[in-house]
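Please open the model in your viewer and keep the selection tool at hand. The tour moves from one selection to the next and says what is found at each stop.

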Amino acid sequence: MGNNIEGKVVIITGASSGIGEAVAKHLTSLGAKVSLGARRKEKLDQIVKDIEQAGGSARAFITDVTKKEDVDALVKNTIEAFGKVDVLFNNAGLMPLSRLENLHYEEWERMIDTNIKGVLYGVGAVLPVFKEQKSGHVINVSSVAGHRVGPGAAVYSATKFAVRAISEGLRQEVKPYNIRTTIISPGAIKTELPDTITDDKIKEVMQPVLDIAISPDSIARAVAYVIEQPEEFDVNEIILRPTAQA
Ligand code: NDP
């Protein structure tokens with residue numbers, strides 16, 4: 001157990017692309033076992049195949065994080081498959097940016113359901129397990145947009161501010177149970193996330209930031225860093241962005 005990652009069981013939501021996929025592949029290369037949750041089965045199956053071909057251990061469970069019962073099942077299935085859960089990487093999210101005056105109610109609701117409620121369902125599903133184990137690590141994905149609001153980002157930023165508030169509240173509450181909590185706040189990372197933007201004007205405004213986006217491998221290395229610290233050492237937040245990003 002030299003690196004404090006080897007042998008750990010890590011649940012990753014939003015594991016079918018981007019940051020989740022990169023984290024899954026990196027952690028398994030360091031000896032973790034991963035349980036992958038997302039909605040797109042073919043994508044998850046391919047990632048499991050890639051990991052197994054590289055000698056790692058992974059299982060996939062179709063999960064919609066907006067459904068509490070799916071998230072509960074992800075945790076239950078993980079324990080059945082691997083015998084325990086050590087880390088939850090609470091990462092599923094979407095970012096359909098648009099100005100409030102466009103009244104994209106459906107997008108507001110999807111962001112709130114996925115980015116906030118999905119994160120809460122993950123926390124709720126692992127908390128009893130971690131309390132019982134007297135160990136565990138919740139890593140929630142916020143954003144630079146969880147620190148400041150940019151163009152068309154009122155609702156997205158609100159969800160990411162909420163993730164930071166939930167994480168800090170959790171951090172304060174779980175001290176008696178030896179549970180670690182970390183917020184990862186990325187800047188522009190090259191993933192499928194901008195594909196969720198339906199507002200062409202905002203896409204145009206965002207383009208210079210998207211042009212300087214960096215690889216999700218940068219986040220994977222940050223996640224490995226926070227997990228590999230000694231158990232009594234809790235990295236509470238990492239903000240990580242392209243050097244060129246304002
Ligand atoms: P991607 O679009 O590549 O990945 C998003 C993941 O979330 C996919 O695996 C998708 O899988 C999953 N997802 C979306 N909705 C649901 C749902 N209802 N249930 C389960 N899974 C869901 O983007 P990123 O990798 O960039 O995004 C990961 C996280 O990082 C998000 O929370 C995002 O807000 C955050 N982030 C990203 C930044 C960036 O610049 N890329 C910057 C800051 C934060 P599927 O569709 O198969 O369900």
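Begin by selecting helix 1, residues 18-29, which with three residues gives the most to the shell around the ligand; helices here are DSSP runs of H or I with at least four residues, strands are runs of E with at least two, and both are numbered from the N terminus. Residues are numbered from 1 along each chain as its sequence is written. The model is predicted, so that local features need pLDDT of at least 70 and side-chain atom pairs count only at pLDDT 80 or more, while totals for chains, interfaces and linings use all residues.

Next, select the ligand and its surroundings: 31 residues surround the ligand, the closest being G14, G18, R39, R40 and G93, where a residue is near if its C-beta atom, placed from the backbone, lies within 6 Å. By class, this shell has 13 nonpolar, 13 polar and five charged residues; Ala, Val, Leu, Ile, Met, Phe, Trp, Tyr, Cys and Pro count as nonpolar, Asp, Glu, Lys and Arg as charged, and the others, Gly among them, as polar.

To see the contact (C-beta atoms, placed from the backbone, within 7 Å), select I19, A22, V23, H26 and L27 of helix 1 together with D217, I219, A220, R221, V223 and A224 of helix 7. By class, this contact has eight nonpolar, one polar and two charged residues.

Conventions. Two residues are in contact if their C-beta atoms, placed from the backbone, lie within 7 Å.
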